[in-house]
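Please look through the sequence and the structure shown here.

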Amino acid sequence: MVICSGHQTDSGGFCPLSRFLRFPLITLLASTALFAEEGMWMPQQIPELASKLKGLGFKGDPKAFADLTGQPMGAVVSLGGCTASFVSPEGLIVTNHHCVTGGLQFNSTPARNLLRDGYLAKTRAEELTNGPGSRVFVTTSVIDVTASITGNLDAKLSDRERYDTIDRRVKERIAACEKSGQRCNVASFFDGLKYFEIAQMEIKDVRLVYAPAEGIGVFGGETDNWRWPRHTGDWSFLRAYVAPDGKPAPFSKDNVPYHPKHWLRVSPQGIKPGDLVFVTGYPGRTQRHQTYAEVKETAEWRMPRAIRMAEEQLAILEGLTKQDKALALKVAGRVQGLNNGLTNQRGMLEGLVKGGSLAKKEAQEKQLKAWIDSDTARQKKYGDVLPALRALQTESEKTRERNAALMTLGTASTYLSSAESLYRLSIERTKSDIEREAGYQQRDWPRLRDAQERIQRTIDPTVDRALLSWALASVAKLPSDQRIEPVDHAVGLRAGMSEADASTAINAYLDKLYAGTKLADRAFRTGLMEKSTADLVSTSDPFIQLAAALEPMQKANRETAKNRAGAYSRLAPRYMEAMLAKAGGLVAPDANSTLRVTYGTVKGVDAKDGLYYKPQTTLEGIVQKNTGTGDFDAPKNQLDAIQALHAGKKSPYIEAALGDVPVNFLSTVDTTGGNSGSPTLNAKGELVGLLFDGTYESVASNFLFDPVTTRSIHVDSRYMLWNMTEVDGATNLVDEMMGRMNTTVRPATAGGVGGK
């Protein structure tokens, strides 16, 4: 039994909701009555929404969502960036196709392009390792540890001392938690108002089982990305393996499939418009509780810069790979990520500016200030918070161009990011583990090694040089008061230098840089992980030397950030307390990559004047869109199967109301990045689809939720099952999910929310 702040938790290891997120005179559900589907709720909040769910037709027990070790929550897992779920007692996992791009790329060669052709393991022996660093995380408990992290902090502590104290307490909690062999994290909710310790089982042997061909899994490509109508078969399957004793272990031929206690039943009946659906998963980040100043900087500087940078990088990569298939395969993941982020950022910026979200955010903050100023007690308690937060924001903006350019150097160049990681590790290894920076503690070393291993399939000097040259050109243009002096010194740059002279200096420097490095060699690179700083420097590798030259500035930036974080930790919780008190109701915290539940209904939307989005698409749309080239190149065997179906072939996956097999559907659930692969459940707890995208019109909901236009896009379970049966011949997996395996299956614990 888990103990929480001196009180007994419920069966899921959660602190009872009544002891947090509550304020005097709050009326339960006041806010949810206004915003019906808003909220990426913590599982333990769902029982508080019982009356709302009942009104939507839910007949199950909402308390089931608060039990992480029960059904259905025990079946939902994180892949560390995407969500997935167990769908058989043999450790079979379903997620999005775009969530296994790395595994497909890792196992591909120009002669065997799995990204293009897909992959199906007909037997367990044919299942492929998903690559170094692949993990499955099963959340087992969430505990309120606020008192342990921020309790009894001396008000006289400096900002830096406050940061260091909180940082140390977090590390101590994590270390104590991980003694049980789990992977643990302490996450901040409501900007430090609350802290929760999250324990997860970390499965380290993850194998690729099945992914449809590109013409199914990525049908529509960037043309349809973030758009509706969609016809994308965005699913893939993995399998989790453990040691024979059932404990997590690295890849080994002796490992056996993991037997989860719970898995989801995949529904062959699917959904229909108006149905209630739940999405459970690990949404990444939202910014709905940010101040107006923070959102304003995002709209006016961060997003325009991110859009420009993505466009420029994509242009470089397109030029390099147009006639080089091997190179195109190496950069496929980077290109997909850049394209996805580019469309997302454009949509968010449009929603913030043209859609009026930024103006609404400003109005909300003015209302908060007026609410604070209208009461003497509130003014005394919260009156200084907004001005102080604005001052911190203003201070951070003074060197943002320089700091962003410095960060871009590492993100552009795999060689440099590898060198920086190795150099930092050599410094941190000399410290006691509790004193090491988060991300470089002993618990992180296997991940750091996996990262160095994994880049071997993507590292390329031609691509790297082109992108680093582009990043250095941006550094050359920095104003005189924001120069990156180590780069200026190494490359021979200076403020006001002509573009031609800067280009000449950069090219000469890069000639020496790439001619002298050995970092592309995996054995050399991984062999540096246990070297001392002196030994690293003695290699005379030019990228290591560049990383060493940049480290003092990087360290100074980290120190500044820590001081600012310490100040922020005084102010942000009070800001959130004021926001929550004014809201007067149950409020969901911003997404922070922890397990959440959201609910809504299958529903279309009036997207814009004169345009209505129907809630479902069908196979017919694939035929209509298919051109045989580019983003719309469906495989011939799929087109043949569609033709046979439309000619009268029977199928249990046809929806009578549509007269066809459903492909994708819209719902009003509230989701964001990280929810990719999240199981979409019906009221019975059955998997009826996978969440994989949102609509362009609603992506700005990351900053301000729009209850009218927000929609999420799901792939229908019937489309997945139809393809697996009629197109790809993955009947072995269908039989496994439906309990028709030839092996002995343990008593089923699939399906149901709080009972049958």
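Cys-82 has a relative accessible area of 13%, and because buried means under 20%, this cysteine counts as buried. The model is a predicted one. In it, Cys-82 is joined to Cys-99 by a disulfide, with 2.1 Å between the two sulfur atoms. The torsion about the S-S bond is -80°, and the link of Cys-82 and Cys-99 is left-handed. The pair ties together distant parts of the chain, 17 residues apart: Cys-82 sits in the loop between β3 (76–78) and β4 (83–86), and Cys-99 in the loop between β5 (92–95) and α3 (101–106). Cys-99 is buried too, at a relative accessible area of 16%.

How many disulfides does the structure hold? The number is 2. Besides the pair already described, Cys-177 is linked to Cys-184, with an S to S distance of 2.0 Å. The torsion about the S-S bond of Cys-177 and Cys-184 is about -65°, so this disulfide is left-handed. Cys-177 has a relative accessible area of 11% and is buried. Cys-184 is buried as well, with a value of 3%.

The next topic is the nonpolar interior. In soluble globular proteins, nonpolar side chains tend to be buried together. The largest nonpolar core of this model has 85 residues, and the ones with the most contacts inside it are Trp-235, Phe-237, Phe-278, Leu-619, Tyr-719, Trp-722 and Met-724. Helix α23 (residues 542–583) supplies the largest share of this core, 6 residues. Another core lies apart from it and has 67 residues, including Leu-314, Ala-405, Leu-406 and Val-491.

Leaving aside residues up to four places away in sequence, Met-724 touches Tyr-210, Trp-235, Phe-237, Gly-729, Ala-730, Thr-731, Leu-733, Val-734 and Met-737. Of these partners, Trp-235 and Phe-237 are also listed among the core residues with the most contacts.

The largest cavity has a volume of about 80 Å³. It is lined by 11 residues, and those closest to its centre are Val-142, Phe-189, Ile-198, Thr-594 and Leu-595. By class, this lining has 8 nonpolar, 2 polar and 1 charged residues.

The second largest cavity holds about 30 Å³ of space. Which residues line the second largest cavity? They are Val-605, Asp-606, Ala-607, Tyr-613, Thr-695, Glu-697 and Thr-709. Strand β16 (residues 605–608) gives the most to this lining, with 3 residues. The classes here are 3 nonpolar, 2 polar and 2 charged.

Gly-39 belongs to the loop between α1 (30–34) and α2 (50–55). Is Gly-39 buried or exposed? Its relative accessibility is 2%, so Gly-39 counts as buried. Beyond residues up to four places away in sequence, Gly-39 touches Arg-288, Ala-588, Val-597, Thr-598 and Asp-670.

The remaining details concern the backbone. A cis peptide bond runs from Gln-71 to Pro-72, with omega near 10°. Pro-72 is in the loop between α2 and β3. The peptide bond that joins Trp-228 and Pro-229 is also cis, with omega about 5°. Pro-229 is located in the loop between α8 (221–224) and β12 (236–242).

Phi of Asp-191 is near 55°, a positive value in a residue other than glycine. This residue lies in the loop between β9 (183–189) and β10 (194–203). At 30% relative accessibility, Asp-191 is partly exposed. Ser-593, likewise not a glycine, has a positive phi of about 70°. Ser-593 is part of the loop between α23 and β15 (596–601), and its relative accessibility of 41% makes it partly exposed.

How values were computed. Residues numbered from 1 in each chain as written. Heavy atoms only, no water. 1 Å grid on protein atoms, 1.4 Å probe; cavity = no way out; pocket = protein on both sides within 12 Å on 5 of 7 lines; lining within 4 Å. Points joined across faces, edges and corners; volume = space filled by probe spheres on them. Nonpolar A, V, L, I, M, F, W, Y, C, P; charged D, E, K, R; others polar. Helix = DSSP H or I, 4+ residues; strand = E, 2+ residues; numbered from the N terminus. Core = buried A, V, L, I, M, F, W, Y, C linked by side-chain atoms within 4.5 Å. Buried < 20%, exposed > 50% of the residue type's maximum accessible area, 1.4 Å probe, protein only. Contact = heavy atoms within 4.5 Å. Disulfide = S-S within 2.5 Å.
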